[in-house]
Amino acid sequence: MKHTELVEKATALLKQMIATESLSREEDDVAEIVARFFIENEVEIHQYKNNIWAQNVHFDEEKETILLNSHIDTVKPNKDWTLNPFEPKVIDNKLYGLGSNDAGGCLVSLIATFLYFYQRDDLPFNLVICASAEEEVSGNEGIADVWDQLPKIDFAIVGEPTLMQMAVAEKGLMVLDCVAEGESGHAARNEGVNAIYKAIKDIDWFRNYQFPKVSPTLGPIKMSVTVIDAGTQHNVVPSECKFVVDVRTTDAYSNLETLEIIKKEVGSTVTPRSTRLNPSGAPMDHPVIKAGLNLQKETYGSPTLSDQALMPIPSLKMGPGDSARSHTADEFIYLSEIAQGVEGYIKVLEGAIIIYRQ
């Protein structure tokens, strides 16, 4: 199938997706559209809940498998939209619509790329495509829910808007609920133990502590205290101070290792809401990364979260569009970016084929 035909198919699919509400946990209709697209293009699919996947015709269990993945869900449109977020509209080479940039353009470009390689019998690796749900909320019924149903995956290309540059590492996330305990008393007398003062000591630690190991691609771990709650009235010494910490982890430590260090250093009780959103990355000598470097693609570490955090394998984040447009009013992707996405993914995989064979 020619590149131009693939781009046309990808663009038409994206317009259908934009016209279909697909908020996180409400992706049923758009999942049906994606499934129908595969079937119309004679691709055998598997589906679990709102996750759809397929594998290349000449799949060989003896070969490594590369996953192509992006998500079908969107955030809710914010109040500043001036256009109808569910009406695909092309103006000056820009395709407007909710999810056009994040990450519809990436998904349809990856699907077109999969179609390009689908029937090839000379691949030195397998390809699996997965259009997954609930990415925007890191939900339990998305990629993590179907991971064990997929063939064994060795490497993943995750479609997110990166201007087709290579995010070779991505920060993880832990949200910590912390509680400093004191003793209540009357504020007018020397009574009680002020939990706020105990919390201040720990908050100062979160503000200033530097983890010894620094990631060469992601830099230092970043910790930010974002919510504080304490006290009931002005004349009572508070016995409890609650605060929330946003921790952006790096590949220098696992989430559990990071959590263990924090618990040893602070006096407050620390409870993570989740430790499942781990930092991720890919070795620079992987054939896909080397192929991208051969194409003069830039590499960087990404501070934003994606489904990479739920994949226990090396992975690369790359896709058409610009992350700065994600979740914005009047979101758009350039039509030329979709073409660049399809062609760019194909070129990277063609380059990887050569490296695998060397």
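Analyst: A residue is called buried under 20% relative accessible area, exposed over 50% and partly exposed in between, with a 1.4 Å probe and protein chains only. The model is predicted, and local features therefore need pLDDT of at least 70 and side-chain atom pairs count only at pLDDT 80 or more, whereas totals for chains, interfaces and linings use all residues. Residues are numbered from 1 along each chain as its sequence is written, and side-chain values use heavy atoms, with hydrogens and water left out.

User: Why does Lys152 count as exposed?

Analyst: The relative accessibility of Lys152 is 63%, which lies over the 50% cut-off, so the residue is exposed. Asp154 has a relative accessible area of 22%, a value between 20% and 50%, and is therefore partly exposed.

User: How do you know that Asp154 forms a salt bridge with Lys152?

Analyst: The closest N and O atoms of Asp154 and Lys152 are 2.7 Å apart, and a salt bridge is defined as a side-chain nitrogen of Lys or Arg within 4 Å of a carboxyl oxygen of Asp or Glu, so the pair qualifies. A search of the whole structure finds 14 salt bridges.

User: What makes Arg273 and Asp177 a pair that links distant parts of the chain?

Analyst: Arg273 and Asp177 form a salt bridge, with their closest N and O atoms 3.0 Å apart. The two residues are 96 residues apart, Arg273 being in the loop between β14 (269–272) and β15 (280–281) and Asp177 in strand β9 (residues 172–181); helices (H or I, at least four residues) and strands (E, at least two) are DSSP runs, numbered from the N terminus. Arg273 is exposed at 55%, while Asp177, at 28%, is partly exposed.

User: Why is Glu337 called buried?

Analyst: Glu337 has a relative accessible area of 9%, which is under 20%, so the term buried applies. Its salt-bridge partner is Arg325, with the closest N and O atoms 3.0 Å apart. The pair joins helix α8 (residues 335–357), where Glu337 is found, to the loop between β17 (315–317) and β18 (332–334), where Arg325 is found, twelve residues away. Arg325 is also buried, at 12%. Elsewhere, salt bridges that share partners join Arg120, Asp122, Glu350 and Arg357 into one network.

User: How do you know that the buried residues of α6 are on the same side?

Analyst: The buried residues of helix α6 (residues 255–265) are Asn255, Thr258, Leu259, Ile261 and Ile262. They cover an arc of only 160 degrees around the axis, which puts them on the same side; the arc is that of the directions from the helix axis to the C-beta atoms. On the other side of α6, Leu256 and Lys264 are exposed. The cover over the buried residues includes β9, α5, β11 (222–230), β13 (240–249) and β14.

User: What makes Ile196, Tyr197 and Ile200 a nonpolar patch?

Analyst: Patches take residues with over 30% relative accessible area and no salt bridge, joining like charges within 9 Å and nonpolar side chains (Val, Leu, Ile, Met, Phe, Trp, Tyr) within 5 Å. Ile196, which is found in helix α5 (residues 195–208), is partly exposed at 31%. Together the three residues have about 310 Å² of accessible area, from the Shrake-Rupley method with a 1.4 Å probe, in which only the protein chains shown count as cover for residues.

User: Why does Phe155 count as buried, and which residues is Phe155 in contact with?

Analyst: Phe155, in strand β7 (residues 155–158), has 0% relative accessibility, which is under the 20% cut-off and therefore buried. Beyond its neighbours within four places in sequence, Phe155 has contacts (heavy atoms within 4.5 Å) that include Thr65, Ile66, Leu67, His286, Ile313 and Leu316.

User: Which residues touch the most other members of the largest nonpolar core?

Analyst: They are Ile66, Leu68, Phe114 and Leu127, in a core of 59 residues; a nonpolar core is a set of buried Ala, Val, Leu, Ile, Met, Phe, Trp, Tyr and Cys residues joined through side-chain atoms within 4.5 Å. Apart from this core lies another of 23 residues, among them Ile203, Ile221, Val247 and Leu259. Leu259 is also one of the buried residues of α6. Over the chain, buried residues make up 52% of the 358 residues.
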